[in-house]
2 protein chains.
Amino acid sequence: MAIHKKEEFTQKEQDLANFAKAMAHPARIAILKVLAQRNECICGEIVDLLPLAQSTVSQHLKELKNAGLITGTIDGPRSCYCINWKAFEKFNSEFSFLFAHLKLKNEKACC
Amino acid sequence: MAIHKKEEFTQKEQDLANFAKAMAHPARIAILKVLAQRNECICGEIVDLLPLAQSTVSQHLKELKNAGLITGTIDGPRSCYCINWKAFEKFNSEFSFLFAHLKLKNEKACC
DNA sequence: TAGTCTTATCGTATATTTGCGATATAAGAT
DNA sequence: ATCTTATATCGCAAATATACGATAAGACTA
């Protein structure tokens, strides 16, 4: 785009949008599901489960990590990934707040 | 990208990702907040509140509508937009399910 | 030390998103 | 009928995202 306008919104709006963006790809949803089932996972196992090349999976993992949704630690020659529970909970409560706010007002929908 | 791979994931993963994608921009979060506060809103009011051109806001509204997050009805020369409550609730429950699933397993985080 | 295995990064091609101005459209007002 | 007002759409430019192969980096193994 010609100019970035994202900075002109509130920090909360940007945070929520960034979190949503990190989840805005089925591959990343699938990765989160795998991590949830196993509570930990090395990169290779995720690569085996997804229909994507190793480099692409690594890139998705990096995005999830940058967004703070997961943590990664080096374990010898491998990398172990886990859900970053705190960040997830923070997003959930913020999202629920927005959602609850919507619900409260929704008694007389017009269209 | 060279080839689309999104179709190779499950429908639920794609649905969740699409919903997240619709929320993955601060302008669209802001629009949803405005709609929540007023329970209905014409396009012009939203344009006044956002730091974006009218055509850009209209595009964001279109994306929210395409994703099913809002509904829009023509009201004379204006357009009235509202939250699509059912779609929002569906997403919330699916997201909560994923979240609860994560929570259940997270007693022994490794990293 | 050389070889292997695992993961990250680089380079590149292509697709999608974002944003705006200009223009079209549609309804009410004069 | 013409003008105004409100919104949608088109066309374009620039930024991002997606995907892959090739390659680098790091750590065990022989």
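Leaving aside its neighbours within four places in sequence, with which residues is Glu13(B) in contact? In this predicted model, Glu13(B) is in contact with Pro26(A), Ile29(A), Ala30(A) and Lys33(A), where contact means heavy atoms within 4.5 Å. The residue belongs to helix α1 of chain B, helices being DSSP runs of H or I of at least four residues and strands runs of E of at least two, both numbered from the N terminus. Glu13(B) counts as buried because its relative accessibility is 8%; buried denotes under 20% relative accessible area, exposed over 50%, and partly exposed the range in between, with a 1.4 Å probe and protein chains only. The side chain of Glu13(B) also makes a polar contact of 3.2 Å with the side chain of Lys33(A), a polar contact being a pair of N or O atoms within 3.5 Å of which, within protein, one must be able to donate a hydrogen and the other to accept it, while residues adjacent in sequence count only if both atoms are side-chain atoms.

As to conventions, residues are numbered from 1 along each chain as its sequence is written, and chains are lettered from A and ligands numbered from 1 in the order in which they are written. Local features need pLDDT of at least 70 and side-chain atom pairs count only at pLDDT 80 or more, whereas totals for chains, interfaces and linings use all residues, and side-chain values use heavy atoms, with hydrogens and water left out.

Chain A contains five helices and three strands, which follow one another along the sequence in the pattern α-α-β-α-α-β-β-α. Of its 111 residues, 45% count as buried, and among the contacts in chain A with a separation of 6 or more, 49% are accounted for by residues 24 or more positions apart. The strands of chain A form an open sheet in the order β1-β3-β2 with antiparallel pairing, two strands being paired if DSSP finds at least two bridges between them. The edge strands, each pairing on one side only, are β1 (41-42) and β2 (70-75) of chain A. Six bridges join β2(A) to β3 (residues 78-83) of chain A in the antiparallel sense, and Gly72(A) stands opposite Tyr81(A) in β3(A).

In chain B, strand β2 (residues 70-75) pairs with β3 (residues 78-83) in the antiparallel sense, again over six bridges. The two strands form a hairpin with two residues between them, and Gly76(B) in the turn has a positive phi of about 65°. Ile74(B) stands opposite Ser79(B) in β3(B). Ser79(B) is also in contact with Cys43(B), as are Leu61(B) and Tyr81(B), when neighbours of Cys43(B) within four places in sequence are left aside. Cys43(B) lies in helix α3 (residues 43-49) of chain B and is buried because its relative accessible area is 17%.

The structure holds one cavity of 30 Å³ or more, and the largest cavity has a volume of about 40 Å³. A cavity is a set of points, on a 1 Å grid over the protein atoms alone, where a 1.4 Å probe fits but cannot get out, and lining residues have an atom within 4 Å of a point; grid points are joined across faces, edges and corners, and the volume is the space filled by probe spheres set on the points. The lining comprises Ala20(A), Met23(A), Phe91(A), Phe95(A), Phe19(B), Ala20(B), Met23(B) and Phe91(B).

Technical notes. 1 Å grid on protein atoms, 1.4 Å probe; cavity = no way out; pocket = protein on both sides within 12 Å on 5 of 7 lines; lining within 4 Å.
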